[in-house]
Amino acid sequence: MSGASRHPGAAEPRRPTGAPAVLTADVERLFREEYGRSVAVLVRAFGDIDIAEEAVQEAFVTALDRWPSAGLPPAPAGWIITTARNRAIDRLRREASRADRQARAALAQSLDAGSEPAEEGPVHDDRLRLIFTCCHPALSTGAQVALTLRLLGGLSTAELAHAFLVPEPTMAQRLVRAKGKIRDARIPYRVPADADLPDRVRSVLAVVYLIFNEGHTASSGDRLVREDLCAEAIRLGRLLADLMPDEPEVRGLLALMLLSESRRTARTGPDGALLPLAEQDRSRWDHELIAEGQALVRQCLRRDRPGPYQIQAAINAVHSDAPTAAATDWGQILRLYDQLLVQAPTLVVALNRAVAVAEVEGPDAALALVEQLALDRYHVFHAVRADLLRRLGRAAEAATAYDAAVARTQNAAEQEFLRRRRRALPAD
Amino acid sequence: MKHYLLSVITPTGGEMPAPEVLEGIMRNVEVFHEELREAGAWVFAGGLNAPSTATVVQAKDGDTLLTDGPYAEGKEYLGGLCIIKAPDLDAALDWGRKAARAITLPIEVRPFEGEVEG
């Protein structure tokens, strides 16, 4: 591994294994919880992501080596950071003596940082800095997502490749390129100034929601890894809500994810088929997650600074409130969609609003709205249209629309659901 | 501090703006350059003549070969450039935004290797 920090991408998060049962679990848990924090602290100390990652991984390997005989240190998280910092300094000293300019710069930065008074406040700030760096708008969305999961969540390249259905070398290349751009173009490691904050928070939230949806949609691939993505997105959402308590949209996104996660097990039937909201067994919803999500929505309402995530969370909260599908307060949902359409006037929002219109004013009114939307490439557009046509008794047109929907999604579960609906149409 | 190259991405075969429009652009660019100088971020800037005025020189077998015209024809060409000094990419992108608004063409912001004295 010598000099591996000069070869970006060489450092891989390795979840330690092989220790006695209780300790493996301890280290695993610590790894999940503290990997991001440790990397974030070390990035600030050394100004280099590869040096930070490698040192933190070495510290975890050392922990696994030492703790079985020596026992857990009193403050394991602090131990990891101190050990990582010492490892990095040792290595940089060796490399600096060989006139490695990058090593010297990193060493100098760490000495500067060490002599500074602790003006930074809680180490929390470092993770927030790291998130803003990972989600910098100069990086592609794919790179933002991969970096965030890697650096804040400790996911390995193999896990990332698996989760996003790309070959491992492709994912490795994506990470190397992104880290190289951060270093060479000098993407700053800081929380943006107030003037830029709203825009930058939006791009961070978009990344977290993308991670969540990627896990939620389960388009294919290993289901377990996909569920990990949802858990990871929610963990990031909690972290952000903790670090930015004054941003109502952060809270709104967390509420939205919790409420949608609460329905995960109910979303599939015993045969693995996808179940729409109206057909779900509501006793299978996770009522703890619902309570937490609804509490967050109420906090947002009291703040009264609505934004798209908060409104979507509120719509989900209304669904969660209904003991049966028939008891859903569609009037309130429609009012929330009206508000959402003002905040986020997109075709997809207009399509979702039309679904609520169908419940309040009937499928006729909804179909008239849907027909105006230029969303031909979006499978949900055709699925909604098909359902409205079915309800209007226009079975032949509905069948054609179901076919169009099936042709536009890769998701096997969704395809199966749509085919089932099409088969259930009455013969003309 | 770092140096960043701001490249003006000009579409090949695009129409020249009307004289009065061009005049406005030139004025805005001058204001932009003045702002760079005042901020101490100025290194160099200039517009380039058309690619048809270029000559390519290549070393070959101890000799040099000249070719008329640009090295490669593309859908875009480098219409002008500006080199700035900035502490990080955020600062460089702020200059890039100002340049894009003044010039009304896409601006590519690219870091030079290494560091420069503050």
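**Two helices of chain B, and what they touch**

In chain B, helix α1 (residues 19-38) and helix α2 (residues 89-103) have axes that come within 8 Å and cross at roughly 160 degrees. This is a predicted model, in which local features need pLDDT of at least 70, side-chain atom pairs count only at pLDDT 80 or more, and totals for chains, interfaces and linings use all residues. Residues are numbered from 1 along each chain as its sequence is written, while chains are lettered from A and ligands numbered from 1 in the order in which they are written.

Q: Why is α1(B) called roughly antiparallel to α2(B)?
A: Axes are lines fitted to C-alpha atoms, for helices over the stretch in contact, and angles run from 0 to 180 degrees between N-to-C directions. Angles under 35 degrees count as roughly parallel, over 145 as roughly antiparallel, 65 to 115 as roughly perpendicular and the rest as oblique. The two axes cross at roughly 160 degrees, so α1(B) is roughly antiparallel to α2(B).

Q: Which residues make the contact between α1(B) and α2(B)?
A: Two residues are in contact if their C-beta atoms, placed from the backbone, lie within 7 Å. From α1(B) come Ile25(B), Asn28(B), Val29(B), Val31(B), Phe32(B), Glu35(B) and Leu36(B), and from α2(B) come Trp95(B), Lys98(B), Ala99(B), Ala102(B) and Ile103(B).

Q: What classes of residue does the contact of α1(B) with α2(B) have?
A: There are nine nonpolar, one polar and two charged residues. Here Ala, Val, Leu, Ile, Met, Phe, Trp, Tyr, Cys and Pro count as nonpolar, Asp, Glu, Lys and Arg as charged, and the others, Gly among them, as polar.

Q: What makes Leu22(B) buried or exposed?
A: A residue is buried if 20 or more other C-beta atoms lie within 10 Å of its own, exposed if 12 or fewer, and partly exposed in between, with C-beta atoms placed from the backbone. Leu22(B), found in helix α1 of chain B, has 11 other C-beta atoms within 10 Å, so Leu22(B) is exposed. Leaving aside neighbours within four places in sequence, Leu22(B) is in contact with Met16(B) and Pro17(B).

Q: How many helices and strands does chain B have?
A: Chain B has two helices and six strands. Helices (H or I, at least four residues) and strands (E, at least two) are DSSP runs, numbered from the N terminus.

Q: Where does chain B touch chain A, and which element gives the most?
A: Six residues of chain B are in contact with six residues of chain A. On the chain B side, α2(B) gives the most, with three residues.
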